[in-house]
Amino acid sequence: MTDPTPHDFASMIEDLRNAGISHYKLGVMLGRQTVQVQRWASGSQPKHYEGECIIAIHATICTQLQTELLAQ
């Protein structure tokens, strides 16, 4: 059995902030309070489900932005 892959959620949240997704907006998207998103941005680890959601949102938003930038 292999160990789970660690994810840098603080960096993902920072990428999302740079893409225009505030801590408040990410909290709304996840159904969590802003303070919880701030904790994750400071290095706390989200629960598994929350982490999976952050990964999915990050992949969707950041890939979309990257595609738009390449198209210019």
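This is a predicted model: local features need pLDDT of at least 70, side-chain atom pairs count only at pLDDT 80 or more; totals for chains, interfaces and linings use all residues.
A contact here means heavy atoms within 4.5 Å. Numbering starts from 1 along each chain as its sequence is written, and side-chain values use heavy atoms, with hydrogens and water left out.

**Whole chain.** Switch to cartoon and you'll find 4 helices and 0 strands (DSSP runs numbered from the N terminus: H or I of at least four residues for helices, E of at least two for strands). The C-alpha trace spans about 40 × 35 × 20 Å along its principal axes. Of the 72 residues, 26% count as buried (under 20% relative accessible area; exposed is over 50%, partly exposed in between, with a 1.4 Å probe and protein chains only).

**Stop one: H1.** Select residues 9-18, then show Phe-9, Met-12, Ile-13 and Leu-16, which are buried. They sit on the same side of H1, because they cover an arc of only 95° around the axis (taken from the directions from the helix axis to the C-beta atoms). Step just past H1 to Gly-20, with its positive phi of about 100°.

**Stop two: H2.** Now pick residues 23-30, where His-23, Leu-26, Gly-27 and Leu-30 are buried. Look down the axis: these buried residues fall within an arc of 105°, so they line one face of H2. Turned away from that buried side are the exposed Tyr-24 and Val-28.

**Stop three: Glu-50.** Jump to H4, residues 48-71, and select Glu-50. Is Glu-50 buried or exposed? Buried, with a relative accessible area of 7%. Its side chain makes a 2.5 Å polar contact with that of Arg-32 (a pair of N or O atoms within 3.5 Å; within protein, one must be able to donate a hydrogen and the other to accept it, and residues adjacent in sequence count only if both atoms are side-chain atoms). Leaving out residues up to four places away in sequence, Glu-50 touches Leu-30, Arg-32 and Trp-40.
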